[in-house]
Every structure is written in structure tokens, then in C-alpha cells.
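Subject: Structure for you to look at

Hello,

Here is the structure I said I would pass on, with the sequence. My notes on it follow below.

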Amino acid sequence: MSSHAPNHARVIPLRPAPAAKEPLWRDVVGDVLRRERTAQERTLKDVAEDARISVPYLSEVERGRKEASSEVLAAAARSLGLGLTDVLSLAQQELARHSRTAPARAPMGEVRLAA
């Protein structure tokens, strides 16, 4: 006579997959400024001098390390031949593109393990 315990499965809930991080506004705006500057084949020094911003500060704005004021963004935009609304519109388009391509958050699932 064998005494086998019934084969019941334990249910272990999984944590939901972490959502893709939404980019920060300062990162997106910095990317737009850098992309526009490099498309014009201009140096940081050239744009910074024209905008009356220090080169290190403009570099930090482009890398998303600094949250630039609207005055600084407008000056950098003007230096690139753009308006502030152009830079903000390009940044908004980038955010919209990111939200369309971001993977949907996975629903919480379960894994069944045999006991």
C-alpha cells in the first residue's frame, strides 16, 4: 500500500513586468537641441556663444543633466534658427513616438508549480 499525497499545485503570483521608464522632459529637450545642432554641423561653442550660454551649461542641458529655464531654451533655440515652440513641438513629438513604441505593461500572471 502506498501513501501518495495528492498532487496539488501551488500558485505563486508573479510580479508584473516593470514598465518601461518614460523619458524625462529634460532628456528629450536636450536630445532635440543636440540633434538640431549636429544637423547644422555646429559646435557646442558656436551655439553657446551665440545664445550667450556657457559651453559647459549647454552641454549639460543637451545631455539632460540640467533642467534649463525657458529663457535658456529660447536662447538656444534662437541660436539654432528655431523658436521655442519649434523645440517644444519636436520634444512633444519625440515623447509621443516613445509612448507609441513603449511595450504595454504585462498583466499580473501566475505560475503553477507541482508540489
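What covers the buried residues of helix 4? The cover includes helix 1, helix 2, helix 3 and helix 5. Please keep in mind that this is a predicted model.

Overall layout

The protein chain has five helices and two strands. Along the sequence the pattern reads β-α-α-α-α-α-β. Of its 115 residues, 23% count as buried. The accessible surface comes to about 8,300 Å², and 53% of that belongs to carbon and sulfur atoms. Taking contacts between residues at least 6 apart in sequence, 72% join residues at least 24 apart.

The buried residues of helix 4 are Leu73, Ala74, Ala75, Ala76, Ala77 and Ser79.

Leu73 belongs to the largest nonpolar core, which has 19 residues. Together with Val29, Leu33, Ile53, Leu58 and Val87, Leu73 is in the group that touches the most other members. The elements that give two or more residues to this core are helix 1, helix 2 (44-51), helix 3, helix 4 (70-79) and helix 5 (84-101). Leaving aside residues up to four places away in sequence, Leu73 touches Val29, Leu33, Val61, Ala68 and Leu84.

Ser79 also lies in helix 4. Why does Ser79 count as buried? Its relative accessibility is 6%, and the cut-off for buried is under 20%. Again not counting residues up to four places away in sequence, Ser79 touches Arg42, Val47, Asp50 and Ala51. Helix 4 is followed by Gly81, which has a positive phi, near 80°.

Helix 1 and its two partners

The axes of helix 1 and helix 5 come within 9 Å and cross at roughly 115°. That crossing is right-handed. On the helix 1 side, the residues in contact are Trp25, Val28, Val29, Val32, Leu33, Arg35 and Glu36. They meet Val87, Leu88, Leu90, Ala91, Gln92, Glu94 and Leu95 in helix 5. By class, the residues of this contact divide into ten nonpolar, one polar and three charged.

For helix 1 (residues 25-39) and helix 3 (residues 55-62), the axes come within 7 Å and cross at roughly 115°. Here Arg26, Gly30, Asp31, Leu33, Arg34 and Arg37 in helix 1 meet Ser59, Val61 and Glu62 in helix 3. This contact has two nonpolar, two polar and five charged residues.

Val55

The last item is Val55, in helix 3. Is Val55 buried, partly exposed or exposed? Val55 counts as partly exposed, because its relative accessibility is 31%. Besides Lys45, Val55 touches Leu44 and Ala48, not counting residues up to four places away in sequence.

Regards

Note on methods. Residues numbered from 1 in each chain as written. Predicted model: local features only at pLDDT ≥ 70, side-chain atom pairs only at ≥ 80, totals over all residues. Heavy atoms only, no water. Axes fitted to C-alpha atoms, helices over the stretch in contact; angles between N-to-C directions. Helix = DSSP H or I, 4+ residues; strand = E, 2+ residues; numbered from the N terminus. Contact = heavy atoms within 4.5 Å. Nonpolar A, V, L, I, M, F, W, Y, C, P; charged D, E, K, R; others polar. Core = buried A, V, L, I, M, F, W, Y, C linked by side-chain atoms within 4.5 Å. Buried < 20%, exposed > 50% of the residue type's maximum accessible area, 1.4 Å probe, protein only. Left-handed = near helix turned anticlockwise from the far one by under 90°. Areas by Shrake-Rupley, 256 points an atom, 1.4 Å probe, with all protein chains shown as cover.
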